[in-house]
Amino acid sequence: MKICVYAIAKNEAKFVERWMESMKEADEIYVLDTGSTDNTVELLKSCGAHVKVKKIDPWRFDVARNESLKLVPQDTDVCVCTDLDEVFDKGWRKHLEKAWKSDTTKAKYTINYRFDEYGNPAGSFYCDKIHIRNGYQWTHPIHEVLTSKIEKENIIIIDGITLNHHPDNTKSRGSYLPLLELAVKENPENDRDTHYLGREYMHHQRWNEAIDTLIRHLNLKSSTWKEERSASMRYIARSYKELNRFEEARMWLDKAIQETPHLRDPYVERALLEYKLENWKEIEKYCLKALEITDHQMLYINEPFSWDHTIYDLLSLSAYYQGYYQKSLEYVNLALEISPKHERLLNNKKLIENKIREIEESV
């Protein structure tokens with residue numbers, strides 16, 4: 001089986017050696033450099049990669065991906081698309097070879113796209129950038145998708161492969177918003193791009209535009225994926241919360257809960273809203289409902305705060321302000337089991353212990 005890795009790059013010198021070490025299980029590595037001004041190209045070549053330099057103007061991620069795919073030889077059996085800020089766990093080729101069948105066209109595998117302060121995965125979903133050489137093309141200007149031109153796909157899941165994303169947070173993401181606006185302009189009925197655009201407006205604190213765009217997403221005929229619809233409802237609520245329109249925020253979070261009662265995220269987000277409003281009993285109610293959900297689905301919309309220490313932290317605060325200090329201590333200890341070095345949690349524990357001690361001494 002001939003396996004080739006392909007990628008796009010621009011000013012990624014700091015990642016080259018780590019990435020090449022991770023990708024060396026492939027037979028060949030091909031990179032399209034789109035205009036580096038550092039020594040990315042030289043480093044890639046010195047490490048054994050095949051590199052072509054080409055400027056993409058106007059910039060679009062799908063065009064760049066397709067140009068990089070053109071570098072891969074036609075006799076390649078399996079193409080593996082990654083970015084230079086990503087690394088596979090060792091042994092990925094062995095898992096790929098074992099799972100791949102003669103009729104396989106594409107594979108899904110785990111990507112850890114976010115990590116907590118301790119280096120543990122804090123956000124994961126199934127990625128699908130491993131595919132056969134012909135029959136696929138990249139589409140959408142940003143958040144590009146590997147789109148099939150094949151009459152019948154055969155997609156497998158390879159749980160043994162894990163890709164870890166360690167982004168350069170100093171790099172500007174300034175092109176994302178205009179590219180998303182372009183994507184929606186090109187295809188106004190595309191639910192996925194409309195959702196992403198609304199989320200991007202929210203990230204830019206353009207609250208009213210976020211609300212309008214996300215409501216439009218929910219009204220599209222193609223908007224049928226409940227989990228993504230629920231996320232749009234949460235983002236609408238989050239935007240209303242920032243506008244201090246709390247009843248509307250509650251209404252949209254209730255809609256999100258109804259849309260996906262099987263997900264923790266809307267319950268925790270409702271608890272976070274009630275925390276801002278100091279409604280301690282309501283915090284407890286929604287956190288306990290969230291804890292009833294134990295199935296952590298592999299979705300990109302999952303929020304880290306639904307699975308880290310946040311729920312127990314909120315429950316501890318809720319119990320404390322209701323006067324249940326022993327219960328508050330139990331919950332903060334559970335939060336510290338997840339985040340043992342969290343400074344505020346450690347300080348909260350001391351305050352709770354002091355409060356309990358004061359009460360015991362006064363009796």
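This is a predicted model: local features need pLDDT of at least 70, side-chain atom pairs count only at pLDDT 80 or more; totals for chains, interfaces and linings use all residues.
Eight strands form an open sheet, with mixed pairing, in the order β3-β2-β1-β4-β7-β6-β10-β5. At its edges lie β3, residues 50-53, and β5, each of which pairs on one side only. On average, and ignoring direction, neighbouring strands of this sheet are turned by 30° against each other.

I turn now to individual pairings. In general, the strands of a sheet pair through backbone hydrogen bonds, either parallel or antiparallel. Strand β1, residues 3-9, pairs with strand β2, residues 28-33, in the parallel sense over six bridges. Within that pairing, Cys4 stands opposite Glu28 in β2.

Strand β7, residues 121-131, provides antiparallel examples. Two bridges join β7 to strand β4, residues 78-81, and these two strands run antiparallel. Which residue of β7 is the bridge partner of Cys79? The partner is His131. Strand β6, residues 106-115, also pairs with β7 in the antiparallel sense, over eight bridges, and Asn112 stands opposite Ser124 in β7. The strands β6 and β7 form a hairpin with five residues between them. In that turn, Gly119 has a positive phi of about 85°.

Next, the helices that accompany the sheet. Helix α1, residues 16-23, packs on the sheet and touches β1, β2 and β5; the direction of α1 makes about 30° with that of β5. Helix α4, residues 92-99, lies across β1, β4, β5, β7 and β10. Relative to β10, residues 155-165, helix α4 runs at about 170°.

A word on aromatic side chains. A search of the whole structure finds twelve aromatic pairs. One of them is formed by Phe88 and Tyr109, which are tilted, with 6.2 Å centre to centre and 55° between the planes. This pair links distant parts of the chain, since Phe88 lies in strand β5, residues 86-88, and Tyr109 in strand β6, 21 residues apart.

The axes of helix α12, residues 310-321, and helix α14, residues 343-362, come within 12 Å and cross at roughly 25°. Angles under 35 degrees count as roughly parallel, and α12 and α14 are therefore roughly parallel to each other. Their crossing is left-handed. Helix α12 contributes Asp313, Ser316, Leu317 and Tyr320 to the contact, while α14 contributes Arg344, Leu345, Asn348, Ile352 and Lys355. These contact residues divide into four nonpolar, two polar and three charged.

Terms used. Residues are numbered from 1 along each chain as its sequence is written. Side-chain values use heavy atoms; hydrogens and water are left out. Axes are lines fitted to C-alpha atoms, for helices over the stretch in contact, and angles run from 0 to 180 degrees between N-to-C directions. Helices (H or I, at least four residues) and strands (E, at least two) are DSSP runs, numbered from the N terminus. Angles under 35 degrees count as roughly parallel, over 145 as roughly antiparallel, 65 to 115 as roughly perpendicular and the rest as oblique. A crossing is left-handed if the near helix is turned anticlockwise from the far one by less than a right angle, and right-handed if clockwise. Contact means heavy atoms within 4.5 Å. Ala, Val, Leu, Ile, Met, Phe, Trp, Tyr, Cys and Pro count as nonpolar, Asp, Glu, Lys and Arg as charged, and the others, Gly among them, as polar. Two strands pair if DSSP finds at least two bridges between them. Rings of Phe, Tyr and Trp (its six-membered ring) pair if their centres lie within 6.5 Å; planes under 30 degrees apart count as stacked, over 60 as edge-to-face and the rest as tilted.
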